[in-house]
Amino acid sequence: MAQATLKAILFDMDDTLIDWSQREWNTYRQDHLELVYNYVNADVHPLAAPDDFYETVSQLFNEAWTAGYQGSRAPHVGSIIAQALQNMGVPADRIDHDAMLKAYNWGPVKGVVVFPDVLEVLPIISAANIKTAIVTNSAQPMWMRDIELRAYGLLDHFIDCRLSAADVGYLKPHRAIFEAALNCLNVQPDEAIFVGDNPEADIAGAQSMGMRAVLRIIPSRK
């Protein structure tokens with residue numbers, strides 16, 4: 001049987017397009033949570049000690065990811081922080097999710113860079129008029145990850161479709177997030193290839209949908 005014409009290439013984001021191996025992550029989340037704490041404490045509702053907030057968020061993040069890996073439901077940073085604030089006594093109707101996430105001020109993490117071959121390959125794909133998409137198992141909504149893509153010079157290569165698990169509600173390998181991407185691109189599974197670094201989430205998940213899949217192996221991490 002003849003193979004369908006390739007119309008789209010879908011990419012995982014973290015450790016497929018951008019390299020997190022040299023990230024400086026130790027204080028990054030807390031630095032940004034401090035911005036949220038300051039905003040809420042000053043403008044929304046008085047809070048207890050900052051360390052209590054950081055510890056509560058960290059615990060809820062761990063619980064959300066554990067539950068997510070077991071049941072494929074995607075964690076959402078906004079929901080996690082909102083729950084932490086409610087646990088600390090902030091009334092739910094006082095929490096403005098958009099304002100809270102803007103206060104979080106997400107951006108590129110120091111030490112994270114684009115893989116050099118990505119910058120070589122993407123223009124070739126664009127020149128061939130092949131659609132592209134990002135499908136990432138991220139707890140941040142895509143508008144937050146777009147901040148990174150713009151900073152790394154990648155956003156213009158993914159105008160067709162960009163999906164975060166936080167927005168879809170499910171983590172790869174759940175079929176819902178792959179279906180959402182294929183519908184976004186208006187292509188059939190056999191017309192698309194998925195590229196990712198995770199054998200289960202990316203490769204097995206895409207193949208279960210009928211897509212071809214390519215495992216991204218970084219030579220230095222074999």
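Predicted model: local features only at pLDDT ≥ 70, side-chain atom pairs only at ≥ 80, totals over all residues.
The structure holds 1 cavity of 30 Å³ or more.

**Cavity and pocket**

The volume of the largest cavity is about 30 Å³. Its lining consists of Tyr 39, Val 40, Val 44, Leu 85, Arg 94, Ile 95, Asp 96 and Met 100. Leu 85 also belongs to the largest nonpolar core, where Leu 85 is among the residues that touch the most other members.

The largest pocket has a volume of about 870 Å³. It is lined by 29 residues, of which Asp 14, Trp 65, Tyr 69, Asn 137 and Ser 138 are the closest to its centre. Two or more lining residues come from each of the elements H2 and helix H9 (199–208). H2 gives the most to this lining, with 4 residues.

The two spaces are set side by side below.

| Space | Volume | Residues named |
|---|---|---|
| Largest cavity | about 30 Å³ | Lining: Tyr 39, Val 40, Val 44, Leu 85, Arg 94, Ile 95, Asp 96, Met 100 |
| Largest pocket | about 870 Å³ | Closest to the centre: Asp 14, Trp 65, Tyr 69, Asn 137, Ser 138 |

In soluble globular proteins, nonpolar side chains tend to be buried together. The largest nonpolar core of this model comprises 73 residues, and those touching the most other members are Leu 10, Ile 18, Phe 53, Ile 81, Leu 85 and Leu 154. Helix H2 (residues 50–71) makes the greatest contribution to this core, with 7 residues.

Beyond its neighbours within four places in sequence, Leu 154 is in contact with Leu 17, Ile 18, Val 114, Val 118, Leu 119, Leu 122 and Leu 149. One of these partners, Ile 18, is itself listed among the core residues that touch the most other members.

Strand S4 (residues 131–136) and strand S5 (residues 161–164) run parallel and are joined by 4 bridges. Within this pair, Val 135 stands opposite Leu 163 in S5. From S4 the chain passes through helix H6 (residues 142–151) to S5, forming a right-handed β-α-β crossover.

Ile 9 lies in strand S1 (residues 8–11). Is Ile 9 buried or exposed? Ile 9 counts as buried because its relative accessibility is 11%, under the 20% limit for that class. The C-alpha atoms of Ile 9 and Ala 166 are separated by 21 Å, the two residues being 157 residues apart along the chain.

Notes
Residues numbered from 1 in each chain as written. Heavy atoms only, no water. Core = buried A, V, L, I, M, F, W, Y, C linked by side-chain atoms within 4.5 Å. Buried < 20%, exposed > 50% of the residue type's maximum accessible area, 1.4 Å probe, protein only. Contact = heavy atoms within 4.5 Å. Pairing = 2+ DSSP bridges. Right-handed = clockwise from strand over helix to strand, strands pointing away. 1 Å grid on protein atoms, 1.4 Å probe; cavity = no way out; pocket = protein on both sides within 12 Å on 5 of 7 lines; lining within 4 Å. Points joined across faces, edges and corners; volume = space filled by probe spheres on them.
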